[in-house]
Amino acid sequence: MTEQKITDKKVHKYSALNYTLYLLSKRDYTEKQLRSKLKLKEYDTVEIDEAITKAQEHNWQSDERFCTSFIRYRSQQGIGPRRLKQELKMKGVPEYLIAAAMDEAEEEIDFYKIAEQVFERKRPHVWDIKAKQKMWRFMVSRGFYQDHFSHLMEIDYNDNDDEFDE
């Protein structure tokens, strides 16, 4: 019975490379994400390494490209730079790629404008100290730095409501 366990290997319908190409045809993945998906399918470690290496050689998989598109996509959803960095770390992107992609993205993406849009969309009608604290926590949880939204906290929004009553 022990001999049978040793010789029993899971026979796959498709090779690890074919499965990798199938996954990458749907969307971009980081190298870490691909490895974990291939391990879930119980591919051999050597076969996984070969498949990922070949995908990277042919530029089918690129952590750099994933990083750039992820930052662009998530920032459009109203996510700030701090949270973007954290999410990319959790997805297994190396720190140097995150730093390079964030530097490049900060030239193209206006996080001040995004913070302002998110702030205005979420701002409550009654603007008191409790509302300010709630908004502060919300903006920080969205990954924005203090300088992205602190100027918005200083405005007294209760005064502006009087203008529209006439």
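**A loop position and its surroundings**

Tutor: E42 is placed in the loop between helix 3 and helix 4, the latter covering residues 45–57. The model is a predicted one, in which local features need pLDDT of at least 70 and side-chain atom pairs count only at pLDDT 80 or more, while totals for chains, interfaces and linings use all residues. Residues are numbered from 1 along each chain as its sequence is written, and side-chain values use heavy atoms, with hydrogens and water left out.

The cut-offs are under 20% relative accessible area for buried and over 50% for exposed, with partly exposed in between (1.4 Å probe, protein chains only).

N59 also has a positive phi, about 60 degrees, although N59 is not a glycine. Its place is the loop between helix 4 and helix 5, where helix 5 covers residues 63–76. N59 counts as partly exposed because its relative accessibility is 47%.

Now for the chain around these loops. Read along the sequence, the pattern is α-α-α-α-α-α-α-α-α-α-α. The chain has 166 residues, of which 34% count as buried. Among contacts (heavy atoms within 4.5 Å) between residues at least 6 apart in sequence, 65% join residues at least 24 apart.

Helix 3 covers residues 31–40, and E31 and R35 are four residues apart in it, which means about one helical turn separates them. E31 forms a salt bridge with R35, and the closest N and O atoms are 3.0 Å apart. The term requires a side-chain nitrogen of Lys or Arg within 4 Å of a carboxyl oxygen of Asp or Glu. E31 is partly exposed, at a relative accessible area of 24%, and R35 is partly exposed, at 24%.

The whole structure holds seven salt bridges. One of them joins the side chains of R83 and E87, at 3.1 Å from N to O. R83 and E87 both lie in helix 6 (residues 81–90), four residues apart, about one turn of the helix. Is E87 buried or exposed? E87 is buried, because its relative accessible area is 15%, whereas R83 is partly exposed, at 30%. Another salt bridge joins E95 and K89, at 3.9 Å from N to O. E95 counts as partly exposed at 49% relative accessibility, and K89 is partly exposed with a relative accessible area of 41%. Salt bridges that share partners join E31, R35 and D49 into one network.

Some charged residues gather in surface patches instead. E64, D103, E104, E106, E107 and E108 form a patch of negative charge. Patch residues have over 30% relative accessible area and no salt bridge, with like charges joined within 9 Å and nonpolar side chains (Val, Leu, Ile, Met, Phe, Trp, Tyr) within 5 Å. Helix 7 (residues 95–108) gives the largest share of the negative patch, five residues. E104 lies in helix 7, and E104 is partly exposed, with a relative accessible area of 41%.

K122, K130, K134 and R137 form a positive surface patch. Helix 9 (residues 129–141) gives the most to this patch, with three residues. K122 lies in helix 8 (residues 111–122). With a relative accessible area of 49%, K122 is partly exposed.

How values were computed. Helix = DSSP H or I, 4+ residues; strand = E, 2+ residues; numbered from the N terminus. Areas by Shrake-Rupley, 256 points an atom, 1.4 Å probe, with all protein chains shown as cover. Lys, Arg positive; Asp, Glu negative; His and termini not counted. Charge placed at Lys NZ, Arg CZ, Asp CG, Glu CD.
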